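User: I would like a close look at the charged pairs in this model and at the parts around them. Please give the cut-offs as you go.

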Amino acid sequence: MTAFAYSHSDQDLVNQPIGYWSSAAGTAVVHHIRTMLAEMGLTQPQWWALSQLVQAPEGRPRDEVVSVLKGYLEVGEGALVHNIGALRDRGLIAEDAAGRIALTDEGRALQARVAERQKAIRAQIHEGITDEDYVRTLKVLQRMIHNVGGAAWHH
């Protein structure tokens with residue numbers, strides 16, 4: 001990886017457009033995460049679904065999982081239903097007649113492997129960034145969203 005350097009001086013950064021930089025950061029990070037997930041055989045919505053089920057060994061209603069996740073990166077309900085179906089078809093989750101979904105042993109094992117890889121990806125993304133700077137950045141972004149009448153939420 002190449003050495004990091006800021007794009008502009010502090011005096012020039014203050015006038016840089018937040019829309020551009022927040023979008024560029026989001027695009028780069030999401031691309032990096034999706035590449036890792038693809039290498040592990042998953043889409044991002046499939047990863048989200050597996051992660052919703054890991055703490056519920058008895059399973060959860062499919063509609064509840066879809067409801068929680070449908071606003072993530074504006075993926076939508078249809079794509080989530082499709083991705084949950086793909087996980088079921090691969091034997092990573094089981095679904096009963098009532099629409100309750102749960103991880104299979106194979107799904108639980110894959111979720112655990114990806115979670116370990118996700119930790120390494122998170123550390124890479126956060127390299128050189130203190131927890132305090134990270135929290136401050138999220139608070140600034142949340143305030144900007146509020147200031148323009150937007151809404152964002154991540155569980």
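How many salt bridges does the structure hold?

Analyst: The structure holds 8 salt bridges, the term meaning a side-chain nitrogen of Lys or Arg within 4 Å of a carboxyl oxygen of Asp or Glu. This is a predicted model, in which local features need pLDDT of at least 70 and side-chain atom pairs count only at pLDDT 80 or more, while totals for chains, interfaces and linings use all residues. Residues are numbered from 1 along each chain as its sequence is written, and side-chain values use heavy atoms, with hydrogens and water left out.

One of its salt bridges is to Arg62, with the closest N and O atoms 2.5 Å apart. Because Glu95 lies in strand E2 and Arg62 in helix H4, the pair ties together parts that are 33 residues apart in sequence. Helices (H or I, at least four residues) and strands (E, at least two) are DSSP runs, numbered from the N terminus. Glu95 also meets Arg88 in a salt bridge, side chain to side chain, at 3.0 Å from N to O.

Glu95 is partly exposed at 24% relative accessibility; buried means under 20% relative accessible area, exposed over 50%, and partly exposed in between (1.4 Å probe, protein chains only). Arg62 is likewise partly exposed, with a relative accessible area of 24%, and Arg88 counts as partly exposed at 36%.

Another salt bridge joins Arg136 and Asp133, at 2.7 Å from N to O. Both residues lie in helix H7, 3 residues apart, about one turn of the helix. Arg136 is partly exposed at 49% relative accessibility, and Asp133 is partly exposed at 34%. Elsewhere, salt bridges with shared partners link Arg62, Asp63, Arg88, Asp89 and Glu95 into one network.

E2 (residues 93–95) runs antiparallel to E3 and is joined to it by 3 bridges, with Glu95 opposite Ile101 in E3. The two strands form a hairpin with 4 residues between them, and Gly99 in the turn has a positive phi of about 85°. On E3, Ile101 also has Arg60 opposite it. Strand E1 (residues 60–61) and E3 pair in the antiparallel sense over 2 bridges.

A nonpolar core is a set of buried Ala, Val, Leu, Ile, Met, Phe, Trp, Tyr and Cys residues joined through side-chain atoms within 4.5 Å. The largest such core has 23 residues, of which Leu42, Leu50, Leu69, Ile84, Leu87, Ile93 and Val114 touch the most other members. Helices H2 (18–39), H3 (44–53), H4 (62–69) and H5 (77–89), strand E3 (100–103) and helix H6 each supply at least two residues of this core. H3 gives the largest share, 5 residues. Val114 touches Met36, Leu37, Met40, Leu42 and Trp47, not counting residues up to four places away in sequence; contact means heavy atoms within 4.5 Å. In soluble globular proteins, nonpolar side chains tend to be buried together.

Notes:
Pairing = 2+ DSSP bridges.
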